[in-house]
Amino acid sequence: NSLMNTETFHLSPPLPHHTQAINSLMNTETFHLSPPLPHHTQAINSLMNTEFHFCEVLRVGIVTYLDPLRDILPSHHQHTIFHDLEELYGMSYDTSIQLKACCQPYCSSAPVPYYVESVGNIYHSKLDRLLSVVVSRQSQWTQSHNLISYCLTSNKEFKALVENAEQRFSLHSFVDAINEYLPKLPRFLMGVSYFTPLWHEDHKYLTPIIKGVSGTVCSRSEQGKD
């Protein structure tokens, strides 16, 4: 439940100048003269919640499994099981920081907590690296799961740690986190695009992102059938 509760997701304390700017903005009489479209705001909040949740899942997985297992598993086993997960966390964390940085409170009575004018450029800057890491992660999926099964039967320390941690957070939830996140990304980006005015510059970023991520999702699905 705590993972899904984005109210508990704290990236870092707000910078004083950022806090002052937001407070100043909220206190101006013109703040609510031209509010953003509610559907656009809701779509962006759905995207943000997905990103924050993915980042938190990876963070908890690193703390729960990857860090303790550094002293238990040989380095080549660590690489096979947790291949690229730290890099995925780094990218998601950076994305979350950027999303948080451009947030403005919508209004106290709104059903959604944040308004963000643009998200396309944030995701577009990371698109190529994200897709490269996803493809690399997919190529290691079978080896990763086979090695987990092997270590559970051959390494008592690994088995004990996993069995103890599984009561709180599943190892497979960590190593397969991208499988839940990636299909959601183009869907929510399409929602943002649909409710973004055609003149808005976000469209030039959103279109290639949606196409690239959707193509990777389809490719992964086809590989899964083989």
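A salt bridge here is a side-chain nitrogen of Lys or Arg within 4 Å of a carboxyl oxygen of Asp or Glu. Keep that handy for the exercises below.

This is a predicted model, in which local features need pLDDT of at least 70, side-chain atom pairs count only at pLDDT 80 or more, and totals for chains, interfaces and linings use all residues. Residues are numbered from 1 along each chain as its sequence is written, and side-chain values use heavy atoms, with hydrogens and water left out.

**Exercise 1. Find the partner of Glu56 in a salt bridge, then say where the two residues sit and whether Glu56 is buried or exposed.**

Step 1: Start with the idea. Side chains of opposite charge can pair when their charged atoms come close.

Step 2: Check the distance. Glu56 pairs up with Arg59, and their closest N and O atoms are 2.8 Å apart.

Step 3: Helices (H or I, at least four residues) and strands (E, at least two) are DSSP runs, numbered from the N terminus.

Step 4: Look at the cover. Buried means under 20% relative accessible area, exposed over 50%, and partly exposed in between (1.4 Å probe, protein chains only). Glu56 has 16% relative accessibility, so Glu56 counts as buried. Arg59, with 34%, is partly exposed.

**Exercise 2. Describe how the rings of Phe54 and Tyr181 are arranged.**

Step 1: Know what to read off. A pair of aromatic rings is described by the distance of the centres and the angle of the planes. Rings of Phe, Tyr and Trp (its six-membered ring) pair if their centres lie within 6.5 Å; planes under 30 degrees apart count as stacked, over 60 as edge-to-face and the rest as tilted.

Step 2: Apply it. The structure holds five aromatic pairs. In the one formed by Phe54 and Tyr181, the centres are 3.9 Å apart with 5° between the planes, and the pair is stacked.

Step 3: Phe54 is in helix α2 (residues 38-69) and Tyr181 in helix α10 (residues 177-194), 127 residues apart.

Step 4: Check the cover. Phe54 is buried at 4%, and Tyr181 is buried at 5%.

**Exercise 3. Say where Val119 lies and which residues it touches.**

Step 1: Find the spot. Val119 sits in the loop between β2 (114-115) and α5 (120-124). Its relative accessible area is 0%, so Val119 is buried.

Step 2: List the neighbours. Contact means heavy atoms within 4.5 Å. Leaving out residues up to four places away in sequence, Val119 touches Ile44, Leu47, Leu99, Val192, Asp202 and Leu206.

Step 3: Val119 and Ser193 are 74 residues apart in sequence and 10.0 Å apart in space, C-alpha to C-alpha.

**Exercise 4. Which residues touch the most other members of the largest nonpolar core?**

Step 1: A nonpolar core is a set of buried Ala, Val, Leu, Ile, Met, Phe, Trp, Tyr and Cys residues joined through side-chain atoms within 4.5 Å.

Step 2: Name them. Of the 54 residues in the largest core, Tyr65, Phe82, Phe158 and Phe174 touch the most other members. The largest share of this core, 13 residues, comes from α2.

Step 3: Follow one of them. Not counting residues up to four places away in sequence, Phe82 touches several residues, including Tyr65, Leu66, Leu69 and Phe174.
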